[in-house]
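Please open the model in your viewer and keep the selection panel at hand. The tour moves from one selection to the next and says what is found at each stop.

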Amino acid sequence: MSVTTLPKVELHLHIEGAAPPSFIRGLAAEKKIDISGIFNERGEYKYTDFWHFLEIYEAATSTLQSPEDFRRLTRAVLAESAASGVVYTEAFLSPDFCGGRDVGAWREYLAAMIEAADEAERQDGITMRGIVTCIRHFGPEKAKETAICAAETAGDWLTGFGIGGDERAGELSDFSWAFDCAREAGLRLTAHAGEWTGPESVREAVDVLHCERIGHGVRAIEDLALVDRLAEDGIVLEVCPGSNVVLGVYPDWRSHPIEKLRARGVKVTVSTDDPPFFHTSMEREFQMLHDTFDWDEGVFDEITRTSLDAAFCDGETRSRIE
Ligand code: ADE
Ligand code: ZN
């Protein structure tokens, strides 16, 4: 089978993390910012482990300084996704990098990203929706301001709220205020958990923050009672196998638990996280899943159906994509 022609739905993509290195190099040259140290001799992003990855990520993001930069970025990212067969994508957007969590500035950045998304929908047939994400290692106070930005702009396009960053910084419960604020504004919830910390963090995301989806969540596999509960409650995992393998959460694709989780009844979906950082694309993720676990068209159909059902967009948008 060929995975190339399969329509793909992606639920976990960081907009800055999807920036092609050539795009960031171009911006750095325009603005005379020296970030040459973040690239290797092949011009790819260079880092040693997850925590260094976060530093390089933030250095790359320092070149993105205006709504126009984010408009161009969004257009470039959606062109890449569409080329990989993606028909619908939900991207994490960070007011921390878009005007420093000032609501007025954030509205301008958001409008620019929506403009690019509308153009991509017309030209490339890809639909995008946004999820505001706070950054865990920036702390709960900044997360509150981020949640207010999200709540002020919640609607048909800005549909969710989440948290990324260093899972080992603070407790998830420190972010309850931000998640309650977002939920009360009608936003749907997801949190990075079970990537760098164990099953307990996944439980906390569900029980304390009331998330219906979990970013990664793969380390739930270390507690089968939790796995069964996720299956029973229909909690959806945004699994990014290529990211987990490159960052060393698992040593190789064979050891990745995505198939075990699926076989035990958990709703798993497939995403890229930060494609150029992990040398991946949705097409490559599908190809590797086919090669490693023998996933066939039937399994990919099931994954895409699960992803669409778990998408944070409204029903009318979903039925247009189906
Ligand atoms: N931000 C971008 N990629 C991330 C990841 N894999 N985990 C946590 N935060 C992130
Ligand atoms: Zn992520």
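Two residues are taken to be in contact if their C-beta atoms, placed from the backbone, lie within 7 Å. The model is predicted, and every stop below should be read with that in mind.

Begin by selecting helix H3, residues 67-83, whose 17 residues reach 24 Å from the first C-alpha to the last, close to the 24 Å expected at 1.5 Å a residue. Colour its buried residues, which are Pro67, Asp69, Phe70, Leu73, Thr74, Val77, Leu78, Glu80 and Ser81. They cover an arc of only 155° around the axis, which puts them on the same side of H3. Now show what covers these buried residues: strand E1 (8-14), H1, strand E2 (86-93), H4, strand E3 (127-135) and helix H11 (282-293) are included. Before leaving H3, step on to Gly85, which follows the helix and has a positive phi, near 90°.

Select helix H2 next, residues 50-61. Its 12 residues should span 16 Å at 1.5 Å a residue, and the C-alpha atoms at its ends are 16 Å apart, which agrees. The residues of H2 that are buried are Phe53, Tyr57, Ala60 and Thr61; seen down the helix axis, they fall within an arc of 95°, so they line one face of H2. Turn to the other side of H2, where Trp51, His52 and Glu55 are exposed. The cover over the buried residues of H2 includes helix H1 (21-31) and helix H9 (241-247).

Centre the view on Phe161: leaving aside its neighbours within four places in sequence, Phe161 is in contact with Ile131, Val132, Ala147, Ala150, Phe179, Ala182, Leu187 and Leu189.

For contrast, go to Gly155, in the loop between helix H5 (140-152) and strand E4 (158-164). Is Gly155 buried or exposed? Gly155 has 11 C-beta neighbours inside 10 Å and therefore counts as exposed. A distance drawn from Gly155 to Gly130, C-alpha to C-alpha, comes to 9.9 Å, although the two are 25 residues apart in sequence.

Finish at ligand 1, around which lie His14, Gly17, Gly164, Gly165, His192, Glu195, Ser243, Asp273 and Asp274. Coloured by class, this shell shows 6 polar and 3 charged residues and no nonpolar ones.

Methods
Residues are numbered from 1 along each chain as its sequence is written. Chains are lettered from A and ligands numbered from 1 in the order in which they are written. This is a predicted model: local features need pLDDT of at least 70, side-chain atom pairs count only at pLDDT 80 or more; totals for chains, interfaces and linings use all residues. Helices (H or I, at least four residues) and strands (E, at least two) are DSSP runs, numbered from the N terminus. The expected span of a helix is 1.5 Å times one less than its number of residues. A residue is buried if 20 or more other C-beta atoms lie within 10 Å of its own, exposed if 12 or fewer, and partly exposed in between; C-beta atoms are placed from the backbone. The arc is that of the directions from the helix axis to the C-beta atoms. A residue is near a molecule or strand if its C-beta atom, placed from the backbone, lies within 6 Å of it. Ala, Val, Leu, Ile, Met, Phe, Trp, Tyr, Cys and Pro count as nonpolar, Asp, Glu, Lys and Arg as charged, and the others, Gly among them, as polar.
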